[in-house]
Structures are given as structure tokens and as C-alpha cells.
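The questions below go through one chain, from its overall make-up to single residues. Try each one on the model before reading on.

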Amino acid sequence: MSPRPLIATDRAALMLQLVPYLVGKGEVSLDEAAAEFDVTPAQMRAMVEKLTVIGLPGDRGYWQMANDLFDIDWDLLDDQDLIVITNAVGLERAPKLTAREVAALLAGLQLSRSIPGVGDTELYAGLLSKLARGASATPAEVILAPEPVDAVRDLVADALRRHVAVSFTYKAPDAAPTTRTVDPVKVHIASGQWYLQGWCHLREAMRTFHLDRVSDLELTGIPSTHSEEPAPAWFDTDAGEVVARVRFPEGAAPLLGDYIDRAVLETAAGTTVATMRVADELSLRRLAARRSGIVEVLEPPAARRAVAEWAEAGLAQYR
């Protein structure tokens, strides 16, 4: 069956594929290239000849320099029906990223390390290597987390690979230290703070732990049976150890949305008090920031201090 006639859209699509094909081949016969693209040798010759008027635009939008155009070895084409591209308009050069672009990509890769099965894969290491080679300048070292956080993430990744629990000492605000055994789910960042989420054997529920309060973290030989469970949301009824109470005008309840969907509400004389479990008392700063002047954090004391410090820091910016 002879090749079908080419329409304009066919030619455009073939030309886009032809250049990388020829660059990859280095040297190829007219007949072989024609068979590869299912065209006649005459059609292939015409396509190759048209390459010599295609290239990079000049500063004013039209072709200016000979080196900006594709070129071929005309003698080989005319005498031996061989196709060789002599000027590939820089297609053989690897694209270069700026140091800023590399830093942004490295930041994303660093965050992805908290996802089980991602940061410890060969794909992750390969991407880092390619980024280093592709930068037009040496990127500044990107540090998204302090060294203790990186150590925790590495150990949690190891625990997930081995399907075992971790143990550590946890010191919550205004409470005595406790020893926890946890089936880890993930380590992640929220509002500038790092957290470990997992199934706590002591509480027999999913919990969220502030990494600044975690110490003496180590692997155990206890099989992990809850690492596949979803991590709790910040204001879920089972989100964490902290029981918080906030007060606001009754009419403002619709403005708080997800913050009070799972809370226990008590309303009297037009004022509502919401009681809920939160992942961390510092997360209440977001609630206060979004509804400043409406919401008052009552408990726990550490949360009141955190909100007050946040407000004072904001005021200091205007002094």
C-alpha cells in the first residue's frame, strides 16, 4: 500500500517529529527515514529541504543569521540520498535552569520527602541529580527544615519501609512528658510548623505531634498496623491532644466554617463557646487572624499566649 497524500496538518505534525528523529539518528538514508514516517522518498526529501528555512526567530521576529536556521549536508543528500543535519539550532544542548528556578524545584522536592514512598525512591535521587546538572548557575543551598526535622523524616521513612512503629518522648505544653509509641503516617509542614501524624498506641487514635516537642525518637520492633489510615484534619474531633475553647458572637458562627463543624457549641445570651480538639494550639492563631476582634481564645493557656504573641508581633510592625 502506497503512502497516503499529506495534508497540511500531517506535514506540520511530521515536521515536529522529524527534527528530533534526525538529530538522534545522526545519519540516515532517505529510504529509511521515509519508511519510518510512512511517506514516499520524494516527500521525505521535500520535508528535509524545508528544514533549511526553519529555525530560531531573530530579535525582530524574522530569521536573521544563518546559524539560526537548520542546515543539512547537501552533498550527501544529493549524491548518496543520506540525511545529516549539520546545524540543529542548539537542540542538542540540554536546557539550563536559573539558580532561582532550581531552588524552587528543590524546595518542592524537599517537601515531597514527607510523602511515604516518594522521598526515598530512585526517582527522587534522579531528579536531584538532573536539577544540579541543568542549572545555569550553582543554586544556593535550600534548607526548608532544621536538621532535627530532617532526621525525623528520614527515620519515619525508614519506619514506613520496615512497617514498624516509632517511639519517642513527647512534651505537650503545661503537661508532663509522656512516652509514645506511634504508627507513623507522615511528617509535614503547616503554617511554618513541622508535625508528625500517626496512630498513637497510648491514646488508641490518630494524633498529630508538634516536632519541636518530640525527642528521643527511635524505631521499634512493633509491627505498624495503622500507617495506611488517613491523617486527621486540623480541627477534627480526633485531631490531637489539645482541647481548645473559643468564644465568639452567636451570629458569627457561619463565618467560622470548618473550624467549628465538629465542635461542641454552647450558646447563652448571644455568645457561643465552642469546644474542640485541635492538632496544635498554635493552629488557633489562624482562626484568630482570620476573624480578628470576633474570636477570643479561652483555652488552653498556651494557645492564648500564642495568639497574644502573634498580635503583639503584628503591632510591632507598625511601630
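Helices (H or I, at least four residues) and strands (E, at least two) are DSSP runs, numbered from the N terminus. The model is predicted, with local features needing pLDDT of at least 70 and side-chain atom pairs pLDDT 80 or more, while totals for chains, interfaces and linings use all residues. Residues are numbered from 1 along each chain as its sequence is written, and side-chain values use heavy atoms, without hydrogens and water.

Q: How many helices and strands does the secondary structure of the chain come to?
A: The chain has 319 residues. Its secondary structure comes to 10 helices and 13 strands.

Q: What percentage of the residues in the chain is buried?
A: Buried means under 20% relative accessible area, exposed over 50%, and partly exposed in between (1.4 Å probe, protein chains only). Of the 319 residues in the chain, the buried share is 40%.

Q: What share of the contacts in the chain with a separation of 6 or more comes from residues 24 or more positions apart?
A: A contact means heavy atoms within 4.5 Å. Among contacts with a separation of 6 or more, residues 24 or more positions apart account for 60%.

Q: How are α2 and α3 placed relative to each other?
A: The axes of α2 (residues 30–37) and α3 (residues 41–50) come within 8 Å and cross at roughly 100°. Axes are lines fitted to C-alpha atoms, for helices over the stretch in contact, and angles run from 0 to 180 degrees between N-to-C directions. Angles under 35 degrees count as roughly parallel, over 145 as roughly antiparallel, 65 to 115 as roughly perpendicular and the rest as oblique. The two helices, α2 and α3, are therefore roughly perpendicular.

Q: By class, which residues make up the contact of α2 with α3?
A: From α2 come L30, D31, A33, A34 and F37, and from α3 come P41, M44 and R45. Ala, Val, Leu, Ile, Met, Phe, Trp, Tyr, Cys and Pro count as nonpolar, Asp, Glu, Lys and Arg as charged, and the others, Gly among them, as polar. The contact has 6 nonpolar, no polar and 2 charged residues.

Q: Where do the buried residues of α2 fall, seen down its axis?
A: The buried residues of α2 are L30, A33, A34 and F37. On the other side of α2, D31, A35 and E36 are exposed. An α-helix has 3.6 residues a turn, so residues three or four places apart point the same way. The arc is that of the directions from the helix axis to the C-beta atoms, and the buried residues of α2 line one face because they fall within an arc of 100°.

Q: Within what arc do the buried residues of α3 fall, seen down its axis?
A: In α3, M44, M47 and V48 are buried. Seen down the axis of α3, its buried residues line one face of the helix, because they fall within an arc of 100°.

Q: What kind of pair do the rings of F168 and Y170 make?
A: Rings of Phe, Tyr and Trp (its six-membered ring) pair if their centres lie within 6.5 Å; planes under 30 degrees apart count as stacked, over 60 as edge-to-face and the rest as tilted. The structure holds 4 aromatic pairs. In this one, the ring centres of F168 and Y170 are 6.4 Å apart and the planes stand at 75°, so the pair is edge-to-face.

Q: How many residues apart are F168 and F209?
A: F168 is buried at 2% relative accessibility, and Y170 is buried at 4%. The rings of F168 and F209 have centres 5.2 Å apart and planes at 75°, so this pair is edge-to-face. It links distant parts of the chain, with F168 in β5 (residues 164–170) and F209 in β8 (residues 205–210), at a sequence distance of 41 residues.

Q: How far apart in space are Q193 and H210, C-alpha to C-alpha?
A: Q193 is found in β7 (residues 193–200) and counts as buried at 18% relative accessibility. Q193 and H210 are 17 residues apart in sequence, and their C-alpha to C-alpha distance is 7.5 Å.

Q: Is D216 buried or exposed?
A: D216 is found in β9 (residues 214–223). Its phi is near 55°, a positive value in a residue other than glycine. With a relative accessible area of 59%, D216 is exposed.
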